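Subject: Handover of a structure, with notes

Dear colleague,

I am passing a structure on to you, and my notes on what was found in it follow below. Please read them with the sequence and the model open beside you.

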Amino acid sequence: MKKDILYDDYAKKLTNEYKEAYDQMSIYIEAACLTGDDISIMLNEVVDLLLSAQQDQRTIESIIGNDTKYFCDQIIESHSHNITDRIFNFLSFYRILSLIAFLLECFVLIVDYQDGIVNPWNTQVHMGGFVFAILLSLVIISGFKMITKRIVFKYKWYTKKLDSILLGIMTIGLFIGIIFLPEQVNQFVPIPRWLFLPSMLLIFIVCTIRKKKEKQTDIEEGNYYSFDDLAINSNIETLRKRHDKYLKKCQKKNIQPQDISVWYEERHKKDMQGETLGKIGFFAMMIIAIVGTIITSDIVDGIIFAIILLCVEIPIYRFMNKGTIARIKVHEMIHEKQTDIYDDSLFIEDIEI
């Protein structure tokens, strides 16, 4: 995997009709692709072609032809995965969610047994409505993408900015709906616990096995890079963007910017302080949740809840902590090399970020 510039940043070099063509093509490609498709590779190819045409002052038609839609379809076809890969890539996004749902419903099952509920395996699960609401939201977003595919090349007023605004509004609306819909969904789509628990566990196990196989294949082919390495590269990119924004702010206010090493040390100190406060708040919320449950519930229920909460929250904390580890590693490399954040040698080589 090659360390590459993010295509949206890369596309900022495009101007006039080349920028307009990119906006339309990016809307179409992002709408036509499914979860797991190599969208970044496709759009980087588009940007490369358009930049080349812009630099050589060639027309757009000379490199992509007269049928833009057909050109985009050809790119999508050359980089799209097969249906099996698409299904697993889609499910992998819900791998951890399925585990959390499984653990929470197991907790409710144990509580039902403690409360003496007759045949709790046939009880309708509340998480079922939540999961169904998420799937329904994905269907709605897919419908929205189908509409954008049909209109993007027909109407120039449908710009990338408008597409992003509409998609953002829809996403927020669906997120709110997911919070309030489950109760209504449960009434129309009753999902028994005996069906829900094996389904969630099966999704987690199958996706985990496939993920491990893909990891092993990447290791054998020399294409595997850990999330820690990716986090380091992402951290460097973020720092550069922050510093560029700081320089523009200083220029606008007509003030002398700090030396980059001074700016970075202050930025690093603030980031580490913020992450420390965040961790304190994270653990405080966990303790409050556990203590509150023990006080208001049976001791056995409280203990079970505490165990399940720890099983869920500890992996989340470990994931969040990778950001802290990456910041510290970047800080150490900068001091060891006596350089600054614009030194490309800080990047972990050959990683796509």
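Of the contacts in the protein with a separation of 6 or more, what percentage is accounted for by residues 24 or more positions apart? The share is 79%, where contact means heavy atoms within 4.5 Å.

Before the details, please note that this is a predicted model, in which local features need pLDDT of at least 70 and side-chain atom pairs count only at pLDDT 80 or more, whereas totals for chains, interfaces and linings use all residues. Residues are numbered from 1 along each chain as its sequence is written, and side-chain values use heavy atoms, with hydrogens and water left out.

The overall picture

Of its 353 residues, 35% are buried, and here buried means under 20% relative accessible area, exposed over 50%, and partly exposed in between, with a 1.4 Å probe and protein chains only. The protein exposes about 21800 Å², of which carbon and sulfur atoms supply 62%; accessible areas come from the Shrake-Rupley method with a 1.4 Å probe, and for residues only the protein chains shown count as cover.

Helix α13 (260-296) has 37 residues and reaches 53 Å from its first C-alpha to its last, close to the 54 Å expected at 1.5 Å a residue, the expected span being 1.5 Å times one less than the number of residues. Among the buried residues of α13 are W263, Y264, H268, D271 and F282. Helix α14 (residues 299-337) has 39 residues and should span 57 Å, which agrees with the 55 Å between its end C-alpha atoms. After α14 comes Q338, whose phi is positive, near 50 degrees.

The cavity

A search of the whole structure finds one cavity of 30 Å³ or more, a cavity being a set of points, on a 1 Å grid over the protein atoms alone, where a 1.4 Å probe fits but cannot get out. About 40 Å³ of space lies in the largest cavity, where grid points are joined across faces, edges and corners and a volume is the space filled by probe spheres set on the points. Its lining consists of N235, L239, Y264, H268, D271 and R327, lining residues being those with an atom within 4 Å of a point. The largest share of this lining, three residues, comes from α13. D271 lies in α13 and counts as buried, at 10% relative accessibility; not counting residues up to four places away in sequence, D271 touches R242 and R327.

Other residues to look at

I75 lies in helix α5 (residues 68-79) and is buried, with a relative accessible area of 6%. Leaving aside neighbours within four places in sequence, I75 is in contact with M42, E45 and V46.

Most residues other than glycine have a negative phi. N16, in helix α2 (residues 16-32), has a positive phi near 50 degrees and is exposed, with a relative accessible area of 62%. N254, in the loop between α12 and α13, has a positive phi of about 60 degrees although it is not a glycine, and at 71% relative accessibility N254 counts as exposed.

With best wishes

Key. 1 Å grid on protein atoms, 1.4 Å probe; cavity = no way out; pocket = protein on both sides within 12 Å on 5 of 7 lines; lining within 4 Å. Helix = DSSP H or I, 4+ residues; strand = E, 2+ residues; numbered from the N terminus.
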